[in-house]
Amino acid sequence: MKDQITLTVNRRSHAFPAQPGETLAELLRNRLRLTGTKVACEESECGACTVLVDSEPVLACMYPAQRAAGKSILSIEGLAEEYSHAGTHGSPVRAQGDAPVGAHGNAPSEVPSLHPLQQAFIEHGAVQCGYCIPGQIMTAHALLQRNLHPSQEDLRVALKDTLCRCGGYPSIESAILAAAQSMRTGEPIAPPLIPQSASLHTVVGRTHIRPDAVEKVDGSAIYTDDLEFDGMLFAKVRRAGVPHAFLKSLDISKAAALPGVASVLTAADIPGEHNHGLVIFDWPVMIGVGERVRYVGDALAIVAAETQELADQAAALIEAEFDLQPVISGPVQARQPGVPQIHEKGNLLKHIKVRKGDLQQGFAESDVILEHTFHTPIYEHAFLEPECSIAVPTADDRMHIYVGSQIPYQDRSQVARVLGWPESRVRILGQLMGGGFGGKEDIAGQIHAALLAQSTGRPVKLLFDRHESMLVHPKRHATQIRIKVGAKQDGRLVAMETELYGDTGAYASLGDKVMTRATTHSAGPYDVPHVRADCYAMYTNNPPAGAFRGFGVTQSAFAVESIMDMLAEKLELDPVALRQMNALDVGSITNTGQTLLESVGLKECMEKVDTEVRRLTPQPFAPRPTPGAPHLMRAWGLAAAYKNTGLGGGAADKSGADLELFDDGTLEIRSSAAELGQGLVTVMRMVVAEELAVPPDQVRVLVMDTDLTPDGGPTTASRQTYVTGNAARLATQTLRNAIASAMAEKYDVPPAQVRFDAGKVHANGHSLLFAEVASEMKAMGQQPRALYQYEAPKTQPLGSGGDMHFAFSFAAQAAEVEVNTLTGEVRVLRVVAASDVGTVVNPLGLQGQVEGGVMMGLGNALTEEFIMHEGRVVTDHLARYRVPGIMLTPEITSIVVEHPTAEGPYGAKGVGEVSSIPTTPAITNAIYNAVGVRVDKLPVDQELIARALWEK
Amino acid sequence: MNLWQQFLSPRSIPEAIQALRSASGAAIPIAGGTDLLLDLEQGRHTPIHTLIDVTTIPELNALEERQGSLFIGAAVSLNRIARHPLVGQHAQALVEACDLVGGPQVRNVATLGGNVAHALPAADGTIALLALDAQAQIADGSGLRTVPLSDLFLGPGKSALKHGEELLIGFSLPLLEAHEASSFKRFMRPQGVALPIINLAVRIARKAESIAAIRIAVGPGAAIPWRAQAAEQALTGLPFDESSMSAGLEALLAHVGFRSSPLRASADYRRHLVATLFKETLLTAWERADQ
């Protein structure tokens, strides 16, 4: 007797035979192909899989499918229809026409009807990577069904455990409140209040919605795991599970003999190169017998089977024997004499040096010298979409790889060299990404899936579960930073010495680059005459460390911004005044010898923050007891930061863009730059629309396909708005010039007199639609298409004294905290964040980047810590690694400062990272100001604060 | 890996007991499953073959007044408990505890039965029930019996319920009389596992300005959910004032067995925190009892 499950999903009845172990999420996703319900953690932590069961929100990933029998399920795909049937609230809103989205209107012309919540999420910029959005909207819908007048508190309680790693909680809140208001009044969704750019462009600088926003709110957006292929196999990697050992033996016979297993591969089966890596090829695809295991996540063997269940079983049947070695668990230990060496060349990945002036002389001239050592832990990206790769062998002997990756072209070369194929046989088809933050730059499952597809001739999906994701991918470097500062009595900085240890884990990844950035930025955004910085980037037996939003500067900013406040206290100076006195400005020389010639908005950022904070609180940095609750002490704290835009250090920084005009008058802009939620696709669309004076919705964006889109370079270093933005701008100008020439020839006017205006091309009294332009150019034998390879200004390597970077972004933030002196608990109440972004391209996207940056900085300060013990991961589930939720979200005021950079598109430079960097030290400085406890080790430990206070 | 092979939905208590006894392979009752399924998935629970869903049994979903007490079925969701007017009237501590477990989605399926069966020494629902003088109803092959809640716990994560034989049916709480009230509070830390580092529930009976009777439960005060009986005795009959609070706290601290748990809290910190928690929770209950 097989049990039947009869249930209603989105108003339709279904009956299925019950399957062992099946969850409601699996039933929806696999049997009904309703893939809008996302599975992100499978441990009831994140809320992404929220659906309504008999009108109550539940987590589908941990809800047995059989329990849903006889019940009515509502998933994101059914929400708009449910709303239209509800009757009393009116009919669904149409995106078209209702959207206050800038001069041209920006909503796609064929939009399905949406629920007001979906519409509000789009218009308020609550949609970034989109992976959490179905869960957010379903949870919010359940709330509004119960309460159409929610307070901010109601809303926060309802969304308490529905995580958004892009950190867009303020926008999510304003979207839900706007939707509720619209549902109460029948009025259209009230637009968000977002300051626009001061620059005078038609499209650029005004709020625009994302091209992928609608599919991300209605559940139709496809991420890699949502794809399936005929005959697809499922893969599983057998991980080492020990941090340091030699692999003595490996027995795959039981796994290979399991019925349903199609292939089991080990290092011996690799046809091409055995290592991968982004800079240094030191990361084995699999560890061979006799070879060294360097961390728990090392791969020993890979399995492909007919079902995931079988693949998991087979991987567990693989037997390995190890010769265990002593574990190197930290970078300081790794540099001690006599310890085991993890790599042939030793434990030192790189000794990075920065030298400016004469340090001895600097300290000799100083009136005051302070020295302190700071520690930062490993941090985990916790992007909500776990890594997934699908490799599909094609009839023409190529390999297609579907993956969400930050560097598609590098994936292609890394896969090809391991398969032993030329790159041309590999095609990366980048999919929508549920966040990256630097954690999807390295290879995850791309190569393993490709090897299994190569060996079986069938498509292979390799999906990490959350546990595997947390074990395997590179993290943020843990650091120890000793900093010594010398200053004059009046506060002028004279000398700064820093010594950094960075834990780069088992493999290089981008460790050299990350720790270089940490080192060059370790004296802060200040003009210091005498600087010496030494950094030791060390291999250890921890998971590799690589790129993570902030790219090393996050760590050194915590140290330098803390000691700046310590210095201000010592000299009895205002912390803002001390920083203003020393701030980088036009004409300053950086630690690496670069003279800043333009676009240095740091002083204005600090001034704006200072003014706003003093408006809110007259003596912001003094402790204030909360009225009626004297044990709750409040104060503000301030920090500043800068961060390079672009790769720098002499690396060629290039991006290609390809623009094509089609017969129907639409355009497509293509580049393999990665969209991970940050909004590059919106920027690309807006740039084309600006240059050709067409409505943005006439422009499609295609990214991340190595067959169809030119190399956009890695999505890292806050570089894409600048580099690919410029490539798109220059490709558009090239096409525009070609159009002008063609129309000039056709209508007999000088090209300079051909005008582009209001969606048409005007030449000698003729006004042509772009569809007509396309056919006329083709009739003239010209292709209306332009490819542009943009190369950013050349930079110089560290140590050469030349310009290391072509632009820097600046930021200042103040955070107000409330510290409970009885318990040590810390709450962040308000954050004022000013960011010099050059020029704002999309204010809505910028808002998301700033809110998300602040939330990530807040997580670094208060909630997050990736804990290792002797090479083993303690925080190996999301339940043990706390990503900040909506409850912790402070009131965030974003102030935009625009100091354009001449070479940037419309003056723009990057913002993705700098918005996250000052938050952490602003919070810890505020804690000191509130209760006099200096936090020098992250994250903030409330027990240490409580102890320091009770021992006082 | 499949977390279970068979999922049964019995309609009555005898049917569930029968299913438990006759299942092929390891069998276990499941209510919300919010702890159990995670424990299975992460290898903290031995693999099982059959899940016996108790949420389909009407008796376990009952929430009503019965013979002068409040009955709460073991499979009633935490959200239903927190929103129910009878619970709000007679067991505010339980409302406060249920409202703090997990997030709203979890609370729509998580149950008080699961919270108690998991037998953690600082489970919010359990600590509230202990202060509220709850009795547990248990069914086995021979029928129903009622035991004091504290009889259900053997050690951290170890329930006295007999595996494969017994089923937790529900809880009976005495109804409040005039000038009686309860309260629950806890402290968390923002990192790591979302378990309270300390929680405390109190049920108080007030006679004018004196404490007529009091029950105090503290988690994790011992290896099992713990009652501060010395503090209860010290406070009974005293006026509600500073010196009584200090005496009560002193008695609590003299007997409590706080431990240091790595990554969560040291024993020192818990001893420090309990002072604030004790005063705040007692004051809230005391003020509520003035109605």
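These legends describe close-up views of a predicted model. Local features need pLDDT of at least 70 and side-chain atom pairs count only at pLDDT 80 or more, while totals for chains, interfaces and linings use all residues. Residues are numbered from 1 along each chain as its sequence is written, chains are lettered from A in the order in which they are written, and side-chain values use heavy atoms, without hydrogens and water.

**View 1. An open sheet of five strands in chain A.** The strand order is E14-E22-E21-E20-E15, with mixed pairing. Strands are DSSP runs of E with at least two residues, and helices are runs of H or I with at least four, numbered from the N terminus; two strands pair if DSSP finds at least two bridges between them. Strands E14 (348-356) and E15 (368-376) of chain A are the edges, each pairing on one side only.

**View 2. The pairing of E14(A) with E22(A).** E22 (residues 530-539) runs antiparallel to E14(A), and eight bridges join the two. One bridge partner pair is A:Arg355 and A:Arg532.

**View 3. The interface of chain A and chain B.** Chain A gives 49 residues to the contact and chain B gives 43 residues, where contact means heavy atoms within 4.5 Å. The buried area is about 3,900 Å², that is, the accessible area (1.4 Å probe) lost on putting the two parts together, summed over both.

**View 4. A salt bridge between the chains.** A:Arg947 pairs with B:Asp268, their closest N and O atoms being 3.3 Å apart. Four salt bridges cross the interface (a side-chain nitrogen of Lys or Arg within 4 Å of a carboxyl oxygen of Asp or Glu).
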